[in-house]
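Here are a few notes to go with your first look at this one. Have the viewer open as you read.

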Amino acid sequence: MFEARDRVGGRVFTIRDGLHDGQYADVGAEMIYHGQDNILNLVAAQGLELTTEFSLGTDTPDIIFHGHRLSKEASAELAQELRDGVKRTPPGFYETVAQWSRRARLSEDAGKLLEAIAQGTPAAPLRLADSQELNVELSWGKGYRKIKGGNDRLPQALARGLDVRLNQLVRVIGHGSGGVTVETERETFHGDRALVTVPGPLVQELGFDPVLPAEKIQALLQLRYGNGTRIVSQFKERDLVREAIGLGCFTDRMPGYIMEQTMQQPGEHVVISGLAAGDVEPALMTEEQILDAFDETISAAVGRQVRRAYGYVKNWTQDPLTRSVVRAPLGDQRETVLPEIRRPVGDRLFFAGEYTDDRIGPGGMEGAIKSAYRVSRELLDG
Ligand SMILES: Cc1cc2nc3c(=O)[nH]c(=O)nc-3n(C[C@H](O)[C@H](O)[C@H](O)COP(=O)(O)OP(=O)(O)OC[C@H]3O[C@@H](n4cnc5c(N)ncnc54)[C@H](O)[C@@H]3O)c2cc1C
């Protein structure tokens with residue numbers, strides 16, 4: 001395995017350094033969604049522990065708009081407006097969320113709630129997100145879990161005992177009847193087969209010799225991706241912050257969705273994170289400015305200024321080894337585009353990763369794992 005970074009895990013990334021009280025925060029994937037059995041089985045097989053199940057207020061989400069927390073009644077009304085809108089004006093085939101929200105003539109606040117929801121999943125701008133996949137019931141927030149100690153414990157456990165070569169950026173993959181060659185920045189390796197697992201947007205950057213089939217490149221170019229910056233802040237005012245945001249809430253500020261990460265972690269502090277995604281992703285701001293803006297969002301929720309003990313910002317969109325959050329297929333792309341994207345090239349070149357998976361809804365970790373099982377079957381059947 002060749003990994004360009006100095007760590008395994010990719011978009012599953014946990015930070016510990018700098019945080020007080022031995023607390024930690026997941027900067028990439030945060031939640032294991034209810035019913036995603038492949039990852040649950042893998043976690044168990046690796047002897048890792050899960051937190052208990054959490055559920056966000058999905059029937060009546062917590063909403064902080066216009067600088068204060070909305071009453072239960074006002075929040076319920078907004079959520080209901082979205083749910084009624086979907087029933088009254090069913091989203092159309094290939095219609096984007098932005099198009100649908102205008103056709104459904106949503107109120108301004110319902111539009112803001114939509115934008116906040118979309119920042120969680122698919123983390124894409126509303127003009128790219130599929131309205132038919134809008135989950136206005138917020139069912140993904142029911143019964144989710146995390147890996148105790150940090151989600152990166154899973155990739156670390158999986159990598160143990162494998163021949164992983166870190167700091168090896170692959171530039172070109174040669175493939176043909178004689179086998180494959182993998183050219184990294186420093187060396188060239190030969191093998192029987194290659195499995196490409198870079199994030200989808202980066203398949204478009206890798207050199208393939210000979211060139212990939214045009215249909216595959218066309219399919220890759222059609223698939224859209226979410227974009228986002230993860231913001232993590234640790235605060236001293238644990239009880240106050242908890243009381244204000246609950247397990248998580250939607251806001252009309254940056255970011256549109258914030259969650260607690262320390263529900264089952266010891267310590268006096270509280271760690272809150274958010275994903276500023278789609279068109280809300282900050283641009284032309286320093287990390288300090290982004291953290292200050294995040295503090296303001298939390299302070300608005302709490303009702304007074306809170307003190308940040310530690311902050312961390314990770315822009316996944318500009319990370320040259322990721323360039324995305326997760327894939328965001330539209331319309332029938334699961335049937336038309338994804339099969340082409342994941343199709344092996346001859347019997348030498350295989351493709352796996354979350355972007356190749358046809359799950360509906362969130363769960364990139366589960367998707368990546370499923371894709372590995374698919375490739376195993378392709379290899380065994382081939
Ligand atoms: C902010 C954020 C929040 C998320 N939240 C969730 C969540 O709550 N739940 C969930 O299930 N999923 C979530 N996801 C999605 C999930 O993290 C990903 O879908 C999943 O981890 C992708 O796995 P992957 O193996 O396909 O890709 P990656 O994890 O990106 O792995 C690809 C690897 O390829 C390496 N690489 C890239 N280019 C090269 C090269 N040229 N040579 C060598 N190595 C290279 C990268 O360094 C990386 O390690 C989130 C993602 C992000 C960014």
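Which backbone oxygen does the side chain of Arg374 reach? Keep that in mind for the first point, and remember that this is a predicted model.

1. Start with Arg374, which you'll find in helix 12. Its side chain gets to the backbone oxygen of Phe351, at 2.8 Å. The side chain of Arg374 also makes a polar contact of 3.0 Å with the side chain of Thr356.

2. Is Arg374 buried or exposed? Its relative accessibility is 12%, and buried means under 20%, so Arg374 counts as buried. Setting aside neighbours within four places in sequence, Arg374 is in contact with Arg342, Phe351, Ala352 and Thr356.

3. Now the shell as a whole: 33 residues surround the ligand, and Glu3, Arg11, Met31, Val170 and Glu354 are the closest. Sorted by class, the shell has 19 nonpolar, 8 polar and 6 charged residues.

4. Arg5 has a polar side-chain atom 2.9 Å from an oxygen atom of the ligand, while a polar backbone atom of Glu30 is 3.0 Å from an oxygen atom of the ligand. At Val170, a backbone N or O atom lies 2.9 Å from a nitrogen atom of the ligand.

5. How much of the ligand does the protein bury? On its own the ligand exposes 1,000 Å², and the protein buries 91% of that.

Key: Residues are numbered from 1 along each chain as its sequence is written. This is a predicted model: local features need pLDDT of at least 70, side-chain atom pairs count only at pLDDT 80 or more; totals for chains, interfaces and linings use all residues. Side-chain values use heavy atoms; hydrogens and water are left out. A residue is near a molecule or strand if one of its heavy atoms lies within 4 Å of it. A polar contact is a pair of N or O atoms within 3.5 Å; within protein, one must be able to donate a hydrogen and the other to accept it, and residues adjacent in sequence count only if both atoms are side-chain atoms. Accessible areas come from the Shrake-Rupley method with a 1.4 Å probe; for residues, only the protein chains shown count as cover. Ala, Val, Leu, Ile, Met, Phe, Trp, Tyr, Cys and Pro count as nonpolar, Asp, Glu, Lys and Arg as charged, and the others, Gly among them, as polar. Helices (H or I, at least four residues) and strands (E, at least two) are DSSP runs, numbered from the N terminus. Buried means under 20% relative accessible area, exposed over 50%, partly exposed in between (1.4 Å probe, protein chains only). Contact means heavy atoms within 4.5 Å.
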